[in-house]
Amino acid sequence: MSVESLISQIQDYNPDVESELLERCYRFAQKAHEGQQRKSGEPYFTHCVKTAEALAELRLDTHTICAGLMHDVFEDTGVPHEEMIVRFGENITNLVEGVTKIGQYKFRGSNRQRQAETYRKLLLATAEDMRVILIKLADRLHNMETLNFLSVEKCQRIAKETLDIYAPIAHRLGIWRIMSRLEDLAFKYIFPIEYRDIANLLNEKLVEREGYCERMVTRIRAELEKQGIFADVHGRTKHIYSIYQKMQQKGTPFKEICDLVGLRILVKTDLDCYIALGALHHKWNYLPNRLRDWIGLPKKNGYQSLHTTIVDNGKPVEIQIRSYQMHKVAEDGIAAHWSYKEGVPTTKQGRSIFANYKQMLEDIKETQDGPHQFVESMKLELFQDEVYIFSPKGDLFALPAESTAIDFAYKIHTDIGHTCCGAEINGVVAPIRQKLQNGDRVEIRTQPDGKPNRMWLRYVKTANARSKIKHWFREKDRADALALGKKFLKAELHVSYLDVRDYLNSPKLLDIAKHLKLESVEELFVRIGNGNESATHVVNLLKPEVPKPEIVPEAAPQKATSTPAIQLENDIDLGLIRTMKCCNPIPGDEVIGYLTRGRGVSVHRTGCTRILDEPERLLFVKWTEKRNAENTEPPTDTYPVQILLECNDRPGMLGKITTVIAQYKVNIRCGTFQPSTVTSVDAKASDNLTLDVTGAEQLDEVMMAIRHLKGVQRVTRKI
């Protein structure tokens, strides 16, 4: 696209476009990338123009489009920061710098700690200026459209990153046109066989579906005109990845997915939407459990529409009804509320979407969980459907689907969460762990001396509630350790016949703390209480008659191989820590500790049925990796894990399974194979394999790869 064509495209929605500035940016980027080529052989500058084009389609401001043209200038051409400011000002320069910063976060390797930290940095960078992530989404869209020129390995890595991060962000911002395209393109490279299968099934009866859609459009338009509603009615295409998700999540066969035939009705006003809905329900039967009113209760990303599924001669037909303005918001999300003059969201709804997004980032940022839980919290907050809950006063709150009354309590206020003791849901007393449904009216009961329960962590869904509960227990554990440390030091002073009042307030205590690289005397007490510092040692340093010995810092750990270990939160040392064979936890599993009587701490996978219901004995535990400073390689130790498979009993099936496992460099320690007792086309075989894996992440990858082999019905981890 020439600069004149780009300016003309922008002038369609922004007559006051800064043409001279845009042309200068275009020429500057074109010259800066002169001679550079993409893997496809095209001039690199074509990518910059395509990025700007996508931003113009979202009707964004001139500065954002200028930054889109130059988004790779810092990274690929070495243009100085100062020169950019002089030429184009701080606003555009900061946007380009923000996109460059995001591009530096590489999602490589299998170490979950590093992955989680990368996710965290990226998400926080996007909150500084929303336009930065919009540019990055446009950039990523064109990269995905030209991904086929890269190696298979690189294609899959970029596609997974797109599906895990960028598509969910586009969803949270309501930009459906970008989200759906990113999902389908990523799906094509991650699961090419499944993508091709669904695409072929869609094409098989395409002509038949299109003909049926045309007939339904004519009939529906006629029904609406009887009610005085003149609407734009047309068929809509369901994207391939959403079909795959429905098949996987609900176990729905392709032929039973009822919204392959979908229609969309666009009308002028909100009232017309409801009149149209009434007309459809008067003419056709409908499925009540599939009726959704997203107009009265908009989604967090601003999405509004009525969804219904009517039944025509036994065939379910999904229909979306929305106004033209709602449709624009559904397609462009937050960009539909953007001011092309000021470069910020100007409507109340746009500011609300932006505020919700920033609050979500704050909730995720505050999580102190392990890397696995952090990533799960991030995906949940970004991509999960919402339920809408009412307070007793009628205030509306949005929470991720499957949230509990505990999540709702913490959503209202931290103190209400900490002191909640029960709930009333729709006027009926209910346990606080009960999952909430759309439209529930929830009242939280509290008690002044109430306090969180560690068991709540099994039930909460939101990052906000989880982080607040864990923070409360960290503070409580610290307070307990502080009191215990003082108690131990007092006892040791008594044994040494020293005056407690004099020595407990001695300035020497602060000197000792600083020498141990602690910030305060309180931290010294906490270390004593945790068992990380000897009270006897501290008292010996305090004694006036003994010369102050040289305090030797803790010795550096000896070189050792990277050995994953279990550690109590806050490094509390309670003696022996054992992983239990009943659930066989491995690095990366979400785990919980149980304080036994006289046998230390037993560590179980969260949800293990062998954990007794004694909340006061449950402890936070986490996986750690002991490695020296020179050894930055991921762990190589392996752990045996049993998996169970059900598959078709046919020649070559076992060979396919073992080949996939070998591709992930996983050893099969042993296995038992149970062939079918019947001889038929549908005969099933059962396999029980013990694999040596480095942790939960590698196990997940292997199981996912096996699960997608044709002929495999089920793959589960044995507990």
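Trainee: Which residues of helix H4 are buried?

Mentor: This is a predicted model, where local features need pLDDT of at least 70, side-chain atom pairs count only at pLDDT 80 or more, and totals for chains, interfaces and linings use all residues. Residues are numbered from 1 along each chain as its sequence is written, and side-chain values use heavy atoms, with hydrogens and water left out. Buried means under 20% relative accessible area, exposed over 50%, and partly exposed in between (1.4 Å probe, protein chains only). In H4, the buried residues are Thr 62, Thr 64, Ile 65, Cys 66, Ala 67, Gly 68 and Leu 69.

Trainee: How many of the residues of H4 are buried?

Mentor: Helices (H or I, at least four residues) and strands (E, at least two) are DSSP runs, numbered from the N terminus. H4 spans residues 62-69 and is mostly covered, the buried count being 7 of 8.

Trainee: How many residues does the largest nonpolar core have?

Mentor: A nonpolar core is a set of buried Ala, Val, Leu, Ile, Met, Phe, Trp, Tyr and Cys residues joined through side-chain atoms within 4.5 Å. Leu 22, Ile 65, Leu 69, Met 70, Met 84 and Ile 92 have the most contacts inside the largest core, whose residues number 74.

Trainee: Which residues does Met 70 touch, not counting residues up to four places away in sequence?

Mentor: Contact means heavy atoms within 4.5 Å. With that sequence exclusion, Met 70 touches Cys 25, Phe 28, Ala 29, Met 84, Phe 88, Ile 92 and Val 96.

Trainee: Why does Ile 265 count as buried?

Mentor: Ile 265 lies in strand E2. Not counting residues up to four places away in sequence, Ile 265 touches residues including Ile 220, Leu 280 and Ile 319. Ile 265 counts as buried because its relative accessibility is 0%.

Trainee: How far apart in space are Ile 265 and Leu 277, C-alpha to C-alpha?

Mentor: In sequence, Ile 265 and Leu 277 are 12 residues apart. From C-alpha to C-alpha, their separation in space is 9.8 Å.

Trainee: Which helices and strands are included in what covers the buried residues of H15?

Mentor: H15 covers residues 324-332, and Met 326 and Val 329 are among its buried residues. What covers them includes H3, H10, E2, H14 and E6.

Trainee: How many bridges join strand E18 to E20?

Mentor: Two strands pair if DSSP finds at least two bridges between them. E18 and E20 run antiparallel, with Asn 648 opposite Lys 684 in E20. The number of bridges joining E18 to E20 is 10.
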